[in-house]
Amino acid sequence: MDFLVFQYPMITLQACLDGILLGVLFALIAYGMALQWGVMNIINIAQGDLVILGGYIAYFMYLYGIHPAWGVIVAPVIMYFVGIAIYKLVINKVVDRDLFISILATFGISILFMQLMNFAFGADVVLANSGYGTTMLFDNNVVLPNSKIFSAFISIVFAVCLVIYMKKSKLGRAIRATAQNARAAKILGVDTEKVYAATFGINAALCGVAGALISITFTIHPYMGLPYTIRSFMIVIVAGLGNLPGVAMSGMGLGVFEEFADYILGTEFRIGSVFLLLVLILVYRRFKLSRKREYLK
Amino acid sequence: MNKNFILYAVILIFGLAAPFLFPAFKVQLSILCVLIVLATTWNIQGGEMGYNSFGNILFYGLGMYLCASVQVGMFFPLAEWTESGGEKTFVHTPTQFFQGMAVGLVVAALVPTIVAGLIGYSILGLRGHYFAICTLGLGVAAGEISGGIEIIGAGQGFTTPPFPNVGSLEARGEFFYFLSFFTLVLTFIAVRSIYSTRFKLILNAIRDNEDKAEAMGIETMKYKIIGWMISAFFCGLAGGIMGGLVGYIDSTDVAFDGREMGVFMVLMAILGGKGTLWGPIIGATIFHIFKEGFWTFFLGWQYVALGVLIVVIVIYFPEGIMGWLREKYPERFGEVVDEKDRKAQVELK
């Protein structure tokens with residue numbers, strides 16, 4: 001443990017900025033999770049693995065000489081169809097069932113994906129080098145890689161586009177209607193099966209975008225999926241379903257928390273601290289609600 | 001009752017004779033015993049109480065580390081042991097080994113129980129999927145954190161004391177087999193006697209409707225914690241034995257292995273049938289045979305098979321083998337069936 005990070009304002013600032021740029025990415029993944037949780041009432045443990053798969057798409061484009069930033073366009077298209085395939089094969093059988101069933105089923109998908117990616121892409125930690133250089137701020141005391149700024153910018157663009165799409169388009173309205181009341185939507189002629197498939201596809205596409213950005217800015221590895229799932233779950237329960245500004249804010253908060261945990265506790269405890277934070281948040285919420293004799297639903 | 005007695009006697013005799021009948025499978029049989037213990041105790045709070053936990057792996061890993069650390073730490077400096085990384089600078093004499101193991105197992109069983117009691121009040125207040133995710137987080141966090149602690153080997157792992165030379169070469173396998181078989185018998189007796197008391201009914205009431213159970217004057221929180229503590233006790237014990245059996249402890253691959261053992265125990269209980277006494281035992285046996293077959297013949301593809309297996313079991317057999325049998329032969333389970341009613345149902349189908 002060392003708290004030196006707080007004694008140098010420049011390092012503190014660096015950690016904050018890094019955290020915010022990272023948090024925007026988390027918020028994008030969490031937005032996808034909130035979407036499908038809200039619409040289909042499913043908790044997708046394979047969320048993180050979809051992210052990593054998206055990352056590998058961008059990485060492969062990089063390997064074949066295409067600039068990895070184009071992965072931001074290609075990955076969501078491929079991931080949309082992967083998402084639809086997963087929905088058709090597995091998810092549509094667990095939609096109306098107990099939530100635990102969906103958790104366990106998607107856990108199975110997650111293990112499957114992890115291992116398939118391990119076979120296909122190898123167990124090395126890889127990153128797609130974008131060659132964007134860095135930006136120096138405050139007399140060269142704060143160093144920000146341009147790729148991080150790029151990824152935060154792209155995430156915001158995608159999130160804004162999606163929000164507008166959900167508000168204006170026909171499918172967006174159908175999705176929102178299904179989220180409010182699936183039965184009523186069905187009566188009024190919404191094909192909920194199609195809506196569910198589209199929702200899961202959109203969620204997977206968002207994961208694809210986030211994954212492509214992560215492969216540019218950070219590193220990817222076949223087994224790194226679960227922390228992303230837990231992060232997005234945490235962001236969603238802190239913000240609440242359907243609270244978009246909340247998702248953005250808590251995503252950034254989580255990013256900053258992680259950067260500071262990294263500085264204070266050391267890198268080896270970074271993932272551990274994320275999981276512990278989840279437990280602490282859940283326990284805090286539980287005690288707060290139990291005063292009113294309620295519980296988390 | 002009489003029929004059951006004969007059944008138990010046959011199983012007991014078979015269990016005691018097994019290592020001599022199949023000497024090549026001693027380690028596999030010991031692992032099977034441990035798996036059955038884990039599945040049966042997961043069933044106490046997963047099946048009977050309705051609190052689906054992914055986090056019992058926490059107690060299992062804790063027991064594993066505690067047993068090994070006590071066994072080493074009682075006689076030698078622990079830090080130097082892990083530093084040397086399995087080289088035989090310190091050698092346990094047989095007396096030291098068995099004394100250490102005995103004390104280690106007691107600690108490995110008691111500390112997780114206390115831990116479960118301490119965290120139980122906060123965590124068991126969560127319900128349904130929040131409990132599941134919270135315990136999942138707990139298990140992974142424990143693995144990540146123990147992977148960063150130097151004294152128990154951090155990233156490079158912890159070698160448990162090698163079995164001492166007591167004359168015969170077969171002794172190691174037999175010792176661990178009888179240890180795990182004894183634990184299995186103990187678990188079975190404990191669980192069976194629990195299931196014949198009011199306590200089981202309370203657990204079932206909590207599963208079926210916790211609010212109503214509370215309204216009926218049951219202190220649900222107390223019973224939930226006790227249920228979890230019983231699970232933790234046997235998980236810790238199983239972990240301690242497994243640590244000695246495997247001979248090497250790694251934070252994320254052996255001890256807090258949420259991807260393998262943590263899911264296995266849930267899967268075995270569901271495969272056999274949640275909320276039954278025999279379900280987890282049958283499920284664990286079938287699962288173990290299947291798994292070993294796969295692990296041997298399709299090496300490398302085992303996780304792919306595991307993933308597919310989870311999805312298939314969860315989607316198509318959520319009631320498990322016992323649930324299927326129960327639907328097919330309800331009379332055997334002591335359910336009174338109206339013949340007319342049943343025929344009508346069959347016709348409806």
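This is a predicted model: local features need pLDDT of at least 70, side-chain atom pairs count only at pLDDT 80 or more; totals for chains, interfaces and linings use all residues.

Start in chain A. Helix α1(A) covers residues 9–40, and helix α10(A) covers residues 244–265. Their axes come within 6 Å and cross at roughly 135°. An angle over 145 would count as roughly antiparallel. α1(A) and α10(A) are therefore oblique to each other. The crossing of α1(A) past α10(A) is right-handed. What is the make-up of the contact of α1(A) with α10(A)? It divides into 17 nonpolar, five polar and three charged residues.

Now chain B. Here the pair is α7(B), residues 171–195, and α10(B), residues 220–246. The axes are 10 Å apart, and the packing angle is about 170°. That makes α7(B) roughly antiparallel to α10(B). Which residues meet? From α7(B), we have B:F176, B:L179, B:S180, B:T183 and B:T187. From α10(B), they meet B:F234, B:L237, B:A238, B:I241, B:G244 and B:L245. Seven residues of this contact are nonpolar, four are polar, and no charged residue takes part.

Last, the contact between the chains. Chain B puts in 33 residues and chain A puts in 35 residues. On the side of chain B that touches chain A, four elements of chain B give two or more residues: α5 (94–123), α6 (128–146), α12 (258–272) and α14 (302–316). Which of them gives the most? That is α6(B), with 12 residues. By type, this side of chain B has 21 nonpolar, nine polar and three charged residues.

That's the tour. Over to you.

Conventions
Residues are numbered from 1 along each chain as its sequence is written. Chains are lettered from A and ligands numbered from 1 in the order in which they are written. Axes are lines fitted to C-alpha atoms, for helices over the stretch in contact, and angles run from 0 to 180 degrees between N-to-C directions. Angles under 35 degrees count as roughly parallel, over 145 as roughly antiparallel, 65 to 115 as roughly perpendicular and the rest as oblique. Two residues are in contact if their C-beta atoms, placed from the backbone, lie within 7 Å. Ala, Val, Leu, Ile, Met, Phe, Trp, Tyr, Cys and Pro count as nonpolar, Asp, Glu, Lys and Arg as charged, and the others, Gly among them, as polar. A crossing is left-handed if the near helix is turned anticlockwise from the far one by less than a right angle, and right-handed if clockwise.
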